[in-house]
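Subject: Handover of a structure

Hello,

Please find the structure below. My notes on what was found in it follow.

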Amino acid sequence: TCALPIYRGIFVPGAWFDPLNPDWTGNYYQSGPEWERPMNIEFYELDNSGINQQAGIRTHGGNGRRFQQKSLKCYAREEYGENRFKHGFFESIPQNNFKHLVLKPFMASWNQTGVNDHISNQIASQLNMEALASRPVILYLNGEYWGIYYIHERPDERYLEDHFGVDPEQVNLLSGWGNVVSGTSVHFDSLFLWLATADLSEQSDYDAFASKIDLDNFIDYQILELFLENLDWPGNNVRCWLSDNGKWRWIFFDGDACVRWLTFYAFEYAVYDGDAYWPSSRKATLFFRKLLCNEQFKQRFYDRFCALLNTVFSFDNTSPIFDDVKQRIEPEIPAQAARFGFPADVQTWTTNMGHSQWFLKKRCEVILPVLEEFLRLSVAEVTLTPLSVYPNPSTGPITLQFSAEKHENASCCIYDITGRLVFVQTVPTEKGLNFAVLDPSLPSGIYVLRINDYVTKIVCQ
């Protein structure tokens with residue numbers, strides 16, 4: 001017996017899932033129709049209903065292609081026999097046939113819980129935005145156990161056809177901030193160029209911009225990403241679409257980097273006004289930065305944020321989502337850990353799940369004062385620095401966010417106002433963005449924190 005439905009018997013000619021290939025060099029990095037392979041796919045519900053048909057398969061995603069558990073895209077085509085996957089895979093939506101499906105692995109999770117993306121999608125589905133239905137399954141590949149996956153919709157033109165009845169040949173679908181997935185970016189590029197010099201504090205410019213994008217959708221989208229503190233956004237994992245004479249709308253997808261750092265200051269990335277600085281950039285934040293120049297928008301944004309903190313984002317609402325997915329995948333964690341070493345073991349999974357649950361329980365409380373302070377600041381005052389500390393002031397542990405040039409062990413030192421060293425801790429770093437948690441337990445006062453060549457002031461209360 002098994003608590004999850006099963007994908008069994010996917011057969012792919014040839015050994016193209018070779019976990020021994022070096023990082024970044026395998027043929028699993030290839031994409032496009034020429035790399036699609038025929039397969040047979042069987043899907044079994046617990047009552048033994050489901051599908052059994054020929055289809056096409058490709059590897060999917062970016063960095064995750066290195067993982068032994070790879071993301072997979074499944075294509076129904078007439079040349080394989082059936083042009084749709086005809087089954088009601090998801091209880092949350094009425095659709096019972098799909099052109100494309102994605103199988104996303106447990107290993108895509110950034111914190112070894114395997115639930116980040118699923119929980120994020122479930123929350124997003126309650127807001128004014130496009131969100132992907134998903135559910136956990138067990139995958140067998142060529143008869144071999146391949147662990148926990150999530151089957152979910154793919155945010156492409158066929159998704160928009162199924163949910164909104166749009167012509168997939170006519171819809172404009174973009175990724176990032178202007179990269180074409182389907183259709184054309186002409187309308188978006190024109191809007192972007194106009195906005196770069198517009199003054200949205202002027203009502204006429206604000207109204208003109210509001211006529212081009214669905215403001216309610218954009219507000220919900222920004223709020224959700226900020227609430228979930230997506231560490232891989234806004235410079236990445238962004239999709240928006242336009243059909244006919246409508247307005248641009250945003251699709252939420254890929255929440256693997258969400259629900260992690262309770263006190264992460266995501267607002268900095270949302271309004272960053274500089275050159276590319278993963279995961280943000282001047283281009284990625286232009287819409288939000290410009291809108292924040294308008295007091296009417298700021299009030300509307302604040303009111304909606306507060307309303308969601310008391311409803312959709314409340315722990316009363318998110319706790320059942322967390323409990324449901326935990327109950328579904330928990331019996332399978334020992335086999336997943338044994339097969340792939342991710343999570344490292346059951347205890348690691350349990351501990352990290354506790355952190356995610358704590359995030360959902362405390363996030364509303366933590367983010368409200370941050371939101372209010374953020375909206376009091378001008379956009380120019382909220383910029384990324386090479387070293388950030390939060391919370392600051394603090395009454396306990398603090399989290400450092402800093403960049404590093406290489407893999408090394410760095411010394412984090414704290415000095416009092418006389419210059420006396422009062423705390424030191426070695427922090428392992430990787431090239432790029434790093435996080436570290438310190439618990440210096442210092443008396444109330446003002447201190448100077450230094451790591452590598454970065455220095456900042458901290459206040460202990």
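Predicted model: local features only at pLDDT ≥ 70, side-chain atom pairs only at ≥ 80, totals over all residues.

The chain carries 39 positive and 56 negative side chains, and the centres of these two sets are 3 Å apart.

Residues are numbered from 1 along each chain as its sequence is written, and side-chain values use heavy atoms, with hydrogens and water left out.

Overall picture

Eleven helices and 18 strands make up the secondary structure of the chain; these are DSSP runs numbered from the N terminus, with helices (H or I) of at least four residues and strands (E) of at least two. The C-alpha trace spans about 75 × 55 × 45 Å along its principal axes. The radius of gyration is 23 Å, which agrees with the value near 23 Å for a compact globule of 461 residues. That radius is taken over C-alpha atoms, and the globule rule is 2.2 Å times the number of residues to the power 0.38.

The accessible surface comes to about 20000 Å², and carbon and sulfur atoms account for 49% of that. Areas come from the Shrake-Rupley method with a 1.4 Å probe, and for residues only the protein chains shown count as cover. Among contacts (heavy atoms within 4.5 Å) between residues at least 6 apart in sequence, 67% join residues at least 24 apart.

Helix α1

Asparagine 116 is found in helix α1, residues 116-124, and is buried, with a relative accessible area of 1%. Its side chain makes polar contacts with the side chains of serine 109, at 2.5 Å, and asparagine 111, at 3.1 Å. A polar contact is a pair of N or O atoms within 3.5 Å; within protein, one must be able to donate a hydrogen and the other to accept it, and residues adjacent in sequence count only if both atoms are side-chain atoms. Not counting residues up to four places away in sequence, asparagine 116 touches several others, including Trp110, Gly255, Asp256 and Arg260.

Asparagine 121 also lies in helix α1 and is buried at 0% relative accessibility. Beyond four places in sequence, asparagine 121 is in contact with Ala131, Leu132, Ser134 and Phe252.

Helix α2

Aspartate 156 caps the N-terminal end of helix α2 (residues 157-164), with a side-chain oxygen 3.1 Å from the backbone nitrogen of arginine 158. Just after α2, glycine 165 takes a positive phi of about 65 degrees.

Two further buried residues

Leucine 103, in strand β5 (residues 100-105), is buried at 0% relative accessibility. Phenylalanine 313 lies in the loop between α8 (295-309) and α9 (315-329) and is buried, with a relative accessible area of 0%. Leaving aside neighbours within four places in sequence, the contacts of phenylalanine 313 include Ile123, Leu127, Phe227 and Cys364.

Regards

How values were computed. Lys, Arg positive; Asp, Glu negative; His and termini not counted. Charge placed at Lys NZ, Arg CZ, Asp CG, Glu CD. Buried < 20%, exposed > 50% of the residue type's maximum accessible area, 1.4 Å probe, protein only.
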